[in-house]
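User: I'd like to go through the contacts in this one. Can we start with the chains and then move on to the domains?
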Amino acid sequence: MQHTAIADQIDTMHDPDTFITKYVWSQDHKVIAIQYGLTAVFVGLVALVLSALMRLQLGFPDSFDFIDPNSYLQFVTMHGMIMVIYLLTALLLGGFGNYLIPLMIGARDMVFPYMNMLSYWTYLLSVIVLLASFFVPGGPTGAGWTLYPPQAILQGTPGYDWGIILMLASLAIFIIAFTMGGLNYVTTVLQARTHGMTLMRMPLTIWGIFTATVLGLLAFPALLVSAIMMMLDKVIGTSFFMPALVSMGESLDYTGGSPVLFQHLFWFFGHPEVYIVALPAFGMVSDVLATHARKNIFGYRMMVWAIVAIGGLSFVVWAHHMYVSGMHPAFGFFFATTTLIIAVPTAIKVYNWVLTLWRGNIHFTVPMLFAIGFIFTFTHGGLTGLFLGNVTIDLPLSDTYFVVAHFHMVMGVSPIMVLFAAIYHWYPLITGRMFSDTLGKAHFWFTFLGTYAIYLPMHYIGVLGVPRRYFAMGDTDFIPESAQTLNASITISALIVGLSQLIFLYNIFWSLRYGEKAAHNPWGATSLEWQTKDVPPHHGNWGDKLPQVYRWAYDFSVPGAKEDFIPQNHPVSPEEHTAGEAS
Amino acid sequence: MIRPLQTLRQKPWLTQASEQLNLIPEVDSVAAARIALRFILAVVGVLFFLFVITYLARSQYPDFQSLAGAPWQPFTDTSRLWLNTSFLILASAAMQAGIWSAQQERQNRTIGFVSAAVFFTVLFLFAQLQLWQQLSQLGFYISTNPANSYFYLLTAVHGLHLVGGLIVLGYLASKTWAVDSVTAIAKPLQLCATYWHFLLGVWMVLFALLASSPQTINALAAMCGF
């Protein structure tokens, strides 16, 4: 029997007919995507509030009674973990991956819809377990998002009792959810592409999501292994990571485990995780740039190669997070070299994005503004990564705000810029409505300028030597008074940026009801998701017959063509074919 | 040249007449499941690979006492481990025989072999549990030594993967029961068998590791740079 995801006849796809099967226990990839998206945005807002709280303490120390050193560390930890795993990974892959993969490759759904549904509900469970840690005795863990042992499970660290257990359990559940979703994404891309959709005709969005999913499938086991082993250290008293030590004047039963082993495992997951977030963003931004510049993406093949190369290299750079961990110094040389090598395909991508804009017919739409904003923030974040990738520069800068500024620019702000670009770009398809352009542009400028107001000075206070994770500086001779003024300025900017996200939320929800009805394919895009019969697409996506693909996804401004874009499912005329042969 | 490289060398911007297209072959559910299985095996493989690597790294700390080598260590005599292993080998073999029977459309023999595979798998799991019991009776508790911790952890994770396999096999059997055709089960059964063989392979690696003397473990760890 042919698989339903790629069957021409949809008799085998039972349309959901009750509210429950349509919107709750839904197996439709679009509904699951929205469920993933809404949950991720909700939990992301929690993390945003946590960052505002920690900024209040840093900007105006001794002003807020409800923030003590313990709660400060808990805010830092939960903010980091939620943003990286439960927002970015879930929204980019669970949200956009689910929505776009079947539509962009011309399938009716994921190949395993039931498992897809399970993936979302398991993800929701992981979020509930994580958030439950706010309500247990001792509160959530305050071990820092890297959860380094031995301190993560020792008395003295906030949430050392229940908080860390719930965090580790939540991570394990998340990984199960991701694996179920991830198996679906890769299998669907490999098996359910419609007729004519060869791998090299896939939009870069799909290449990014596909490669990131493969990375996730191979990297998340490292986090699972470390979570299981740390859980056993905590609950049963094994000594995988816990060294023999004296805590609070008392000799503990641990017998000499290796905390550095945990760091290796964590970063073997942690560094690919950067690219699990970045690669889908790279793909989506490429498609947004090409569509709104009305120009084919520059160097498509090289973009694909770069995505694959970055994916491969991301597994051999992990220990650049560990230059100060006490590992063998020779490792530093190796990992610094690989880190610099990975900058090459990354730089190729940045050049290609810029060259796509070069002499393009740039439309400054809201998605395009965010996409261009991404090129700025990513270049800045990437360049400071080159600084930190070198051992000799990293040593003095390690654990300062320079590092915080770097990773926020490169994997916080940059993917978020792409997420906003993507939400605005695909909003008409998902909802059938247009958003308010004015509100969208206001949102962009507040966010873009605001993040620079936050992170440029943060690099500077990092160079001054202000250490990260500290609740308060106290009297520290080498840090000038002015650093505190900068910190206050950063906090005010952060609060403005945080509040400006309300514009986004208002725009999204207001436009759902009052937005102008979206025209069919309002951006003049070429990729398949815009060529569905209905907007938003109905269950089964394509009506009776699957689309046939005849060309790649970047036929913009083709000389001699009637319009400035030719959709992928538009047949090739004999003249066009001859012209193609000649070139 | 291998296929992925050929794919990556294609020039998609050149338009082609539709008849020149490499159309995607018609795909059935089993083909999709086969791809998914390959990824599952990769994920499970990475999981156990990482456990093994950490085992070797952890073995180089002074408190680590291998479970084999000295005469008083439980796995110096491997006969009990071999007994358990034989159950898993029989399970794997029965599964393979089940496929051959299904391909020959011999329904009763298929059901018999698959049932035998389930029986031997469950027997293996109980035998592993009994091994746990034996070790703890001898004083080899989970937290007394990291080697013990790894033994309990690795066998538990491996066992859970087998339980997962049994659940999938049960689901498959219930579907086939409804269809009442043994040929329909041959292809999906092949996927189950691959998973069983893979877990047998994983267990052999774990067995070798757990039953290795300190010298062997040290040599392996040195090869890995620990």
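User: How much area do chain B and chain A bury between them?
Analyst: This is a predicted model. In it, chain B and chain A bury about 4500 Å² between them, with 71% of that on carbon and sulfur atoms.

User: How many residues does each chain put into the contact?
Analyst: Chain A contributes 58 residues and chain B contributes 45 residues.

User: And how many salt bridges across the interface of chain B and chain A?
Analyst: The rule finds zero there. For polar contact, it finds seven residue pairs across the interface of chain B and chain A, both residues at pLDDT 80 or more.

User: Which helices of chain B supply at least two residues of the side that touches chain A?
Analyst: Helix 1 (3-8), helix 2 (29-58) and helix 5 (146-179) of chain B each do. Helix 2 of chain B gives the most to that side, with 17 residues.

User: What's the breakdown by class on the side of chain B that touches chain A?
Analyst: That side of chain B has 28 nonpolar residues, 11 polar and six charged.

User: OK, switching to domains. What does the domain assignment give for chain A?
Analyst: Domain 1 covers 29-202 and domain 2 covers 519-583. Taken over C-alpha atoms, the centres of domain 1 of chain A and domain 2 of chain A are separated by 35 Å.

User: How many residues does each domain of chain A bring to the contact?
Analyst: The contact takes 22 residues from domain 2 of chain A and 17 residues from domain 1 of chain A.

User: And what do domain 1 and domain 2 of chain A bury between them?
Analyst: About 1400 Å², of which 51% is on carbon and sulfur atoms.

User: Which residues in domain 1 of chain A lose the most area to domain 2?
Analyst: A:Leu103, A:Arg108 and A:Arg201, which together make up 43% of what the domain 1 side buries.

User: How many salt bridges between those domains?
Analyst: Across the interface of domain 1 of chain A and domain 2 of chain A, the rule finds zero salt bridges. Polar contact is found for 13 residue pairs across that interface, both residues at pLDDT 80 or more.

User: Which helices of chain A supply at least two residues of the domain 1 side?
Analyst: Helix 2 (29-59) and helix 3 (69-105) of chain A each do, on the side that touches domain 2 of chain A. Helix 3 of chain A gives the most to that side, with six residues.

User: And by class, what does that side have?
Analyst: The side of domain 1 of chain A that touches domain 2 of chain A has eight nonpolar, five polar and four charged residues.

Note on methods:
Residues numbered from 1 in each chain as written. Chains lettered and ligands numbered in written order. Predicted model: local features only at pLDDT ≥ 70, side-chain atom pairs only at ≥ 80, totals over all residues. Heavy atoms only, no water. Contact = heavy atoms within 4.5 Å. Buried area = accessible area lost by both parts, 1.4 Å probe. Salt bridge = Lys/Arg side-chain N within 4 Å of Asp/Glu carboxyl O. Polar contact = N/O pair within 3.5 Å; in protein donor to acceptor, adjacent residues only side chain to side chain. Helix = DSSP H or I, 4+ residues; strand = E, 2+ residues; numbered from the N terminus. Nonpolar A, V, L, I, M, F, W, Y, C, P; charged D, E, K, R; others polar. Domains from an automatic or database assignment.
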